[in-house]
Amino acid sequence: MAARDLPASIRGRFPIFKRKVYVNSCSQGALSDSVRAAYQRYLDDWDERGAPWEYWVELMEAAREEFAGLIGADGDEVAVTTSVSAGVSALASAFRFDQGRDTIVVSDFEFPTIGQIWHAQELRGARVVHVPAERDGTIPLERFEAAVDERTALVAVTAVCFRNGSRIDVEGVTRLAHQRDASVLLDAYQAVGALPIDVRAMEVDFLAAGVLKYLLGSAGLAFLYCRAEHVKELVPTATGWFADADIFQMDVHDYSPSPTARRFEAGTPPVPNIYAGIAGIRLLREIGVAATAEHVRGLNDLLLEGLDELGARVVTPRDPARRGPLIAVESSDVHALVEALAADEIVTSSRDANLRISPHCYNSTEDIRALLDSLARHRDLLVTAG
């Protein structure tokens, strides 16, 4: 689907736009008719089939393949999890910190769960080093170069910062880490579905993401990618019966993890969320990630132009190569500003002192103009530039 055809061709599939301007996809995507119907199919299947576990496992495999195709991976390199936290926790449990590589390098752009999980490994002997941001809201590659050394086991970076929309040079970090024999974990939650992701081209070792945001699914379903060459060398101690080589063997006396990335899975899968997740991913793939990225870039250019006219202080980098789909604007009272916009039927969110505005495939130029008009009425809640 061409970017010029968005959003007119799909907007009607998201009922919220009958009532509101929704620019909060960095928090969660708008609910589509296909996801609502998927939940109904789950209930109908349960009612009609009774306990269709074999079918539900097939759906789990379908979700795995959908996500793998989206990021350029093989199905056997993808674990189906309930959250990024669950996937990364399983991954972290497989690392050993007593063999000369005890350091985890974490950017300060990470979502709290990433930092918290790796700091929890300090109880197992890990050492965590943080890479701070510059005053301009970026983290230059030189800061990673200073942090990554021969003790580094893994570098954890986000594709897009959830607080300010800034992007890290993932390919540069990956080259640097690999030169020093360290692995890279990419948190792509704020990017997947809004920006093209290709794990082969990026050469990341691990990637975690969920379907709640730009993949148009719902809470409770996420994925962990593990490059095939790493799978057998990493044996997680955080596990469950769906991580076993044969999930139906039910052997209480043995731990035999799957020979694939399924070894990072855990207990009973989130079946209803799998229905919704498949529907969301398929809808997004039908719309097209590349077309979405182009469309959102145009909306954000319009947004930035309007914010400049208002004199607002934008904390997201201006360089399109250094920003994601999220634009962050500093506020003197961000909670009051979010509430004021909500009173105007405009849905946004906040982090730190920043208003977060995140258009997606379904947003129109009229949405951006309505938002800018509302911000003009509440200009007293914006921090001015300069």
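Q: In this predicted model, are F14 and Y362 buried or exposed?
A: F14 is buried, and Y362 is buried as well, a label that stands for a relative accessible area under 20%.

Q: Why is the pair of F67 and F223 called stacked?
A: The planes of F67 and F223 are 10 degrees apart and the centres 4.4 Å apart; since stacked pairs need planes under 30 degrees apart and centres within 6.5 Å, the pair counts as stacked. F67 is in helix α2 (residues 53-71) and F223 is in strand β8 (residues 222-226), so the pair ties together parts 156 residues apart in sequence.

Q: How do you know that F67 is buried, and what makes F223 buried?
A: The relative accessible area is 0% for F67 and 1% for F223, and because buried means under 20%, F67 is buried and F223 is buried.

Q: What makes the charged end of K213 sit over the ring of Y189?
A: The charged end of K213 is 5.0 Å from the ring centre of Y189, and the rule asks for a distance within 6 Å together with a position within 35 degrees of the ring normal. K213 and Y189 are also among the residues that lie nearest the centre of the second largest pocket.

Notes
Residues numbered from 1 in each chain as written. Predicted model: local features only at pLDDT ≥ 70, side-chain atom pairs only at ≥ 80, totals over all residues. Heavy atoms only, no water. 1 Å grid on protein atoms, 1.4 Å probe; cavity = no way out; pocket = protein on both sides within 12 Å on 5 of 7 lines; lining within 4 Å. Buried < 20%, exposed > 50% of the residue type's maximum accessible area, 1.4 Å probe, protein only. Phe/Tyr/Trp six-rings, centres within 6.5 Å; stacked < 30°, edge-to-face > 60°. Helix = DSSP H or I, 4+ residues; strand = E, 2+ residues; numbered from the N terminus.
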